[in-house]
Amino acid sequence: MARPYWSGKIQISLVSFGVKLFVATEAASDIHFHQIDRRTGERVRHQNVASSAIERNPDEAADPVHKSDIVKGYEYSHGRYVTIEPDELAHLRVPSKRTMDVAQFVDVDSIDPAFFEKPYFVVPEDDSQTEAFLTIRQALIDTNKVALSRIAFGGREHVVAIAPAPAHLSTKSTKSTKSAKSKSTKSDAAEHPGLMAYTLRYAAELRDPATYFESIKHHAINADSLSLAKELIQRKTAAFDPTKFTDGYEAAVKELVDAKLKHAPRTHGKVIHLMDALRKSVSDTKSTDTKAPGTTAKSASRKGPTLIKSAAKSTAHREAKPTRTSPKRKTA
């Protein structure tokens, strides 16, 4: 197991117990870029230098500043700084550096997802802390509540939400999950007897949505398009499985790198009309439903042709016109 990111205790009134926090995420990308000099193809490396040295002799290389000589500085007026030593920050008296003192409890669904920032696994500090840990966890489950507290790390104090780890929490494949369940006779709730801590953003960190959404102009929604969109949503509704999602940007970058290595041309997609895209999407999901064994979408299939037929009547004039597509680009 990795080293804990934070160790301390959770305090709820007169009840307290020691815990350890572990970062619940990790970087999974295989793509790593370096900065390269276009002229020479050599890697560019950065050095810490004093700005005054560059201003005095812009044409000469400045001597690098050693890491041990670098301290933090707060600019209280232009060009004037108050310097702070690392030891001064380490010895700041902030209670939340060692204790998450629960301020209140809220309903699980009352926190807007926009406030959630980063997840952490929370485990008891040792066996002697487990009884109090599991008691509070079960109480949170039974009351459907989340504890709100504060925690200080990473150079700032965070608001943190403490909640039971979901029984379905897993990043493993479906096969490994099923095999694990077959080996255990315990209930789903006992699969992950831990807590989660989610750091939250402060209200001041979230921009006013009205500033951005007010520019959206009112547009009449076509009833047939809406019906097709609803049917498409119904047909593609399924349980959330995180293993089905991968980083598309990373895949595209890999494709670009491979194309450059092989000097191969890259293809581009076509632009399709909204109604045509919706109709084709519904049609594709129907064919998938027909092939899938044990499907329960019969009732939706009966409604589907009626909606498509209605949409076809209202868009007959569109079908008479060719679909607009972007001109094919010449490949190298």
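Me: How many salt bridges does the structure hold?
Reply: This is a predicted model, and it holds 6 salt bridges.

Me: OK, which residue does D37 form a salt bridge with?
Reply: D37 pairs up with R39, and their closest N and O atoms are 3.1 Å apart.

Me: Is R39 buried or exposed?
Reply: R39 counts as exposed, because its relative accessibility is 75%.

Me: And where do K254 and E250 lie?
Reply: Both are in helix α7 (residues 248-262), 4 residues apart, which is about one turn of the helix. E250 is buried at 11% relative accessibility, while K254 is partly exposed at 33%.

Me: What about D284 and K280, which helix are they in?
Reply: Helix α8 (residues 274-291), again 4 residues apart, about one turn. K280 is exposed at 52%, and D284 is partly exposed at 36%.

Me: Switching topic: how many aromatic pairs are there?
Reply: The structure holds 6 aromatic pairs. One of them is Y5 with F153, an edge-to-face pair with 5.1 Å between centres and 85 degrees between the planes.

Me: Where do Y5 and F153 sit in the chain?
Reply: In distant parts, 148 residues apart: Y5 is in the segment before β1 (6-12), and F153 is in strand β8 (residues 145-153).

Me: Why does F153 count as buried?
Reply: Because its relative accessibility is 11%, and buried means under 20%. Y5 is partly exposed, at 42%.

Me: Which residues do ring pairs link into a cluster?
Reply: Y5, Y120 and F153.

Conventions:
Residues numbered from 1 in each chain as written. Predicted model: local features only at pLDDT ≥ 70, side-chain atom pairs only at ≥ 80, totals over all residues. Heavy atoms only, no water. Phe/Tyr/Trp six-rings, centres within 6.5 Å; stacked < 30°, edge-to-face > 60°. Helix = DSSP H or I, 4+ residues; strand = E, 2+ residues; numbered from the N terminus. Buried < 20%, exposed > 50% of the residue type's maximum accessible area, 1.4 Å probe, protein only. Salt bridge = Lys/Arg side-chain N within 4 Å of Asp/Glu carboxyl O.
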